[in-house]
Amino acid sequence: MAGTPKHFAPPGPLGFGGAPLGNMFNRVDEETAEGALVAAWDSGIRYFDTAPMYGCGLSEHRFGRVLRRYNRDEYVLSTKVGRLLIPDPKAPDTLGPFIGVLPFQVRYDYSADGTRRSIEDSLQRLGVGRIDIAYIHDVAEDHHGPGWTEVFSTAMKGAARELSRLRDQGVIRAWGLGVNRVEACQRALEESDPDVFLLAGRYSLLDLAALDTLFPACAARGVKVVVGGPYNSGLLAGGSMFEYAEAPREQVAARDRIAAMCRQHGVDIKAAALQFCAAHPVVASVIPGAKSGERVRQNVELMRQPIPASFWKALKQEGILPAHAPTPGT
């Protein structure tokens, strides 16, 4: 029945995003990576997301080493399919934003066979007996260019059908897409039966692409969304990056306008960024990345900080947020 939740989704409001532990932008030593994951657990976080691409398996190895200490039934674990890691001792130690990666080449594979192998490989790297959610990774225009729809069609015929079978068999609990674009999620809803999406950067104080498009469609199907990139690659957390690159001038100006409103109302912009994402009823969890235990604990505190209703009202009055955007307390 439309509007009736029927799909599995991870717990919230806060989860742990694993890209930084794949050495995204900066190297993270093993002790620091372990400290971040332990701090997440000790802070009550019970949803952990990773992917083979994050450091060519490095993030998955780090997740497994720590999470194996805990009762497997007490947390939700997600990883991704769509890329296979091929051993190569001569592979470069950099892959996109990831540096100091493990010695593997990466090959796209959205087929049914590739999906099964990807899950089996991830289970080996993680050292656990199951994953809960499998996301089809980056099957969108930002990674495949204008011909992305052909790649998407391959993924729907291969990966999506295989993941549906694995869900029906109880091998996984849920599947969806893990992408940076709304359009791919909308098509997946039209062509298949996903449970949950991991959407990065498309629902935030700086980008509301999902608000009037994907989110209503998800609500009608009972499908939840995990919001990744709530700080938009760091721009909303005091950094200079947006979409994994130096922020364009217009985005910096938008951030500065929000920051000025935060100062007027005594609000931490990072708290506003996290709590805004979590306030939408279709959002199951928000997963900011964190490279250290200190940052994890900060994110937990930011999610709990009181924010006056007058702040959200002012954002809407100034046209920074539309009047119908859900905000904390509404």
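Q: Which helix gives the most to the lining of the second largest pocket?
A: Helix 10, residues 293-304, gives the most, with three residues. Helices (H or I, at least four residues) and strands (E, at least two) are DSSP runs, numbered from the N terminus. This is a predicted model, where local features need pLDDT of at least 70 and side-chain atom pairs count only at pLDDT 80 or more, while totals for chains, interfaces and linings use all residues. Residues are numbered from 1 along each chain as its sequence is written, and side-chain values use heavy atoms, with hydrogens and water left out.

Q: What counts as a pocket, by the way?
A: On a 1 Å grid over the protein atoms alone, a pocket is an open set of points with protein on both sides within 12 Å along at least five of seven lines, whereas a cavity is a set where a 1.4 Å probe fits but cannot get out. Lining residues have an atom within 4 Å of a point.

Q: Which residues line that second largest pocket?
A: Among them are Pro 11, Gly 12, Pro 13, Tyr 47, Val 300, Met 303 and Arg 304. The lining divides into seven nonpolar, three polar and two charged residues. Here Ala, Val, Leu, Ile, Met, Phe, Trp, Tyr, Cys and Pro count as nonpolar, Asp, Glu, Lys and Arg as charged, and the others, Gly among them, as polar.

Q: How much space lies in it?
A: About 160 Å³. A volume is the space filled by probe spheres set on the grid points, which are joined across faces, edges and corners.

Q: And what is the volume of the largest pocket?
A: About 990 Å³. Of its 43 lining residues, the closest to the centre are Ala 19, Met 24, Phe 25, Ser 233 and Tyr 244. Helix 4 (141-144), strand 9 (174-179) and strand 10 (196-200) are the elements that give two or more residues to this lining. By class, the lining has 19 nonpolar, 16 polar and eight charged residues.

Q: How many cavities of 30 Å³ or more are there?
A: One. The largest cavity holds about 40 Å³ of space, and its lining includes Leu 14, Ile 45, Pro 288 and Val 296. That lining has six nonpolar, two polar and no charged residues.

Q: Back to Pro 13: what kind of peptide bond joins Gly 12 to it?
A: A cis one, with omega at about 5 degrees. Pro 13 sits in the segment before strand 1.

Q: What about the phi of Asn 23?
A: Phi of Asn 23 is near 65 degrees, a positive value in a residue other than glycine. Asn 23 is in the loop between strand 1 and helix 1 (30-42). Most residues other than glycine have a negative phi, and most peptide bonds are trans.

Q: New topic: in what order do the strands form the sheet?
A: Eight strands form an open sheet in the order 1-2-3-8-9-10-11-14, with parallel pairing. Two strands pair if DSSP finds at least two bridges between them.

Q: Why is one side of strand 1 and of strand 14 left without a neighbour?
A: Strand 1 (16-17) and strand 14 (283-287) stand at the edges, each with a single partner strand, so one side of each has no neighbour in the sheet.

Q: How many bridges join strand 3 to strand 8?
A: Four bridges join strand 3 (residues 76-81) to strand 8 (residues 133-137). Thr 79 stands opposite Ala 134 in strand 8.
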